[in-house]
Amino acid sequence: MNPKIERFLAEENPVTPFLVVDLDIIRDNYERLKAAMPLADVYYAIKANPAPEILRTLVDAGSHFDAASDYEIAECIKAGATPESISYGSTIKKVSEIKQAYERGVRMFAFDSEAELEKLAEAAPGSKVYCRLITSDEGSDWPLSKKFGCELDMACDLLKRARALKLDPYGVSFHVGSQQRDVKQWDVAIARAAMVFTDLRNAGIELRMINLGGGFPAQYRDEIPGISEYADTITKALTSAFGNKIPRVVVEPGRAIAAEAGLIQSEVVLVSQKDYGDPTRWVYLDIGMFSGMAETLDEAIKYPIRTPRDGEPEGPVVIAGPTCDGVDVLYEKAGYTMPLSLKSGDKVQLISTGAYTVSYSSVGFNGFPPLQAYYI
């Protein structure tokens with residue numbers, strides 16, 4: 001709890017649940033990452049939290065932007081970003097969406113298949129294109145599976161095909177998984193990416209950009225390495241792979257910029273037990289899986305939780321949302337405890353919730369409105 005958010009809660013006291021984000025922390029997190037990785041251009045992953053207030057703060061700070069849809073591109077430009085500062089990072093786009101982005105002035109696009117490459121040649125002629133590689137996301141709390149990316153041999157062929165289609169084969173990208181706590185995962189990924197650079201160089205094509213994706217973690221319940229440890233590991237890996245000819249480096253943080261800037265205040269709706277002899281209580285909050293807590297799926301992201309009764313005797317709890325859907329259980333196996341005196345009406349705060357909460361909040365499930373957010 002920082003004084004700015006504490007003052008807002010005391011003076012405004014909105015109806016729960018709501019998210020409050022400190023924009024000063026957004027800017028501080030951006031500047032801290034830039035200072036730790038001066039070689040890299042920071043492209044904020046808009047999907048983490050696309051609030052206009054955050055976008056404007058980052059435009060003023062000099063950030064670039066990673067967009068996953070033309071809707072995000074439009075919002076980014078509305079916030080003052082230039083088209084040249086935006087990368088269309090989704091590898092799954094309609095032709096109409098590519099065309100619209102191109103007409104807005106965007107000239108940097110991701111792909112990972114021949115069909116997507118052909119769409120880019122048709123709707124965004126001459127653009128810079130980069131191929132996303134399949135990379136292990138082992139060690140991440142929020143894995144990205146194999147939905148995105150292709151293997152190295154295919155990436156090499158596709159980048160050669162890009163030149164034949166009169167596109168600009170610009171580079172490669174990868175993502176080691178969101179909330180990646182194993183700093184060494186970038187070692188292997190960068191080394192694999194360098195192999196593509198070598199293959200293309202032998203074919204007469206000089207790639208000029210390596211996009212390291214996101215994955216930089218936020219502080220939740222478990223301790224994480226500092227950003228300097230990530231920066232040192234990545235810098236050594238780039239030097240080892242590329243020597244003194246390191247290409248343009250891009251990073252796409254979302255969580256690392258926005259998460260720790262936000263706090264969700266919720267209210268306890270009910271505290272109950274399922275059996276007289278069961279010491280585990282069920283604590284139902286007025287926020288759940290469908291109103292911003294999607295990343296508690298499989299208990300992947302474990303938010304720190306604060307109550308007004310902290311310091312009193314505690315016992316084990318299952319924490320659930322308010323809806324009538326059985327999947328709306330946030331934590332059952334993660335070992336959360338809460339004060340035994342906790343009761344309906346108590347306010348509960350979920351910490352480091354500035355990223356992937358309001359952007360996941362559904363519209364109207366069980367009639368509950370989407371998560372309200374305040375930016376201060």
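Is Ala189 buried or exposed? With a relative accessibility of 1%, Ala189 counts as buried, a term that means under 20% relative accessible area, whereas exposed means over 50% and partly exposed lies in between (1.4 Å probe, protein chains only).

## Basis of the report

This is a predicted model, in which local features need pLDDT of at least 70 and side-chain atom pairs count only at pLDDT 80 or more, while totals for chains, interfaces and linings use all residues. Residues are numbered from 1 along each chain as its sequence is written, and side-chain values use heavy atoms, with hydrogens and water left out.

Ala189 belongs to helix H8 (residues 185-202). Helices (H or I, at least four residues) and strands (E, at least two) are DSSP runs, numbered from the N terminus. Contact means heavy atoms within 4.5 Å. Not counting residues up to four places away in sequence, Ala189 touches Thr135, Phe174 and Val176. Between Ala189 and Phe148 there are 41 residues of separation in sequence and 15 Å in space, C-alpha to C-alpha.

Thr135 sits in the loop between strand E6 (128-132) and strand E7 (140-142). Thr135 counts as buried, at 16% relative accessibility. Its contacts, again without residues up to four places away in sequence, are Phe174, His175, Val176, Ala189 and Arg192.

## Helix H7

Helix H7 (residues 152-164) has 13 residues and reaches 19 Å from its first C-alpha to its last, close to the expected 18 Å. The expected span is 1.5 Å times one less than the number of residues. Which residues of H7 are buried? They are Leu152, Ala155, Cys156, Leu158, Leu159 and Ala162. Seen down the axis of H7, these buried residues fall within an arc of 165°, so they line one face of the helix; the arc is that of the directions from the helix axis to the C-beta atoms.

The face of H7 turned away from the buried side carries the exposed residues Asp153 and Ala164. The cover over the buried residues of H7 includes strand E5 (108-111), helix H6 (114-123), E6, strand E8 (168-173) and H8. Just after H7, Lys166 takes a positive phi of about 65°.

## Helix H6

In H6, the buried residues are Glu116, Leu117, Leu120 and Ala123. Viewed down the axis of H6, they fall within an arc of 140°, so they line one face of the helix. Ala115 and Glu122, on the other side of H6, are exposed. Helix H5 (95-104), E5, E6 and H7 are included in what covers the buried residues of H6.

## Backbone features

Most residues other than glycine have a negative phi, and most peptide bonds are trans. A cis peptide bond, with omega of about -5°, joins Thr16 and Pro17. Pro17 is placed in the loop between helix H1 (3-12) and strand E1 (18-21).

Gln179 is not a glycine, yet has a positive phi of about 55°. Gln179 lies in strand E9 and is buried, with a relative accessible area of 2%. Ser352 also has a positive phi, near 60°. The loop between strand E18 (347-351) and strand E19 (372-375) holds Ser352, which is buried, with a relative accessible area of 5%.

## The two largest pockets

Rolling a probe the size of a water molecule over the atoms shows where empty space is left. On a 1 Å grid over the protein atoms alone, a pocket is an open set of points where a 1.4 Å probe fits, with protein on both sides within 12 Å along at least five of seven lines; lining residues have an atom within 4 Å of a point. The largest pocket has a volume of about 740 Å³. Its lining has 36 residues, of which Lys47, Arg132, Leu144, Phe148 and Tyr356 lie nearest its centre. Strand E3 (64-67), E6, strand E9 (178-180) and helix H10 (255-258) each give two or more residues to this lining. By class, the lining has 15 nonpolar, 14 polar and 7 charged residues.

The second largest pocket holds about 260 Å³ of space. Of its 14 lining residues, Arg32, Pro217, Ile227, Ala256 and Glu260 lie nearest its centre. Helix H2 (23-36), helix H9 (227-242) and H10 each supply at least two residues of the lining, and H2 gives the largest share, 3 residues.

Methods:
Points joined across faces, edges and corners; volume = space filled by probe spheres on them. Nonpolar A, V, L, I, M, F, W, Y, C, P; charged D, E, K, R; others polar.
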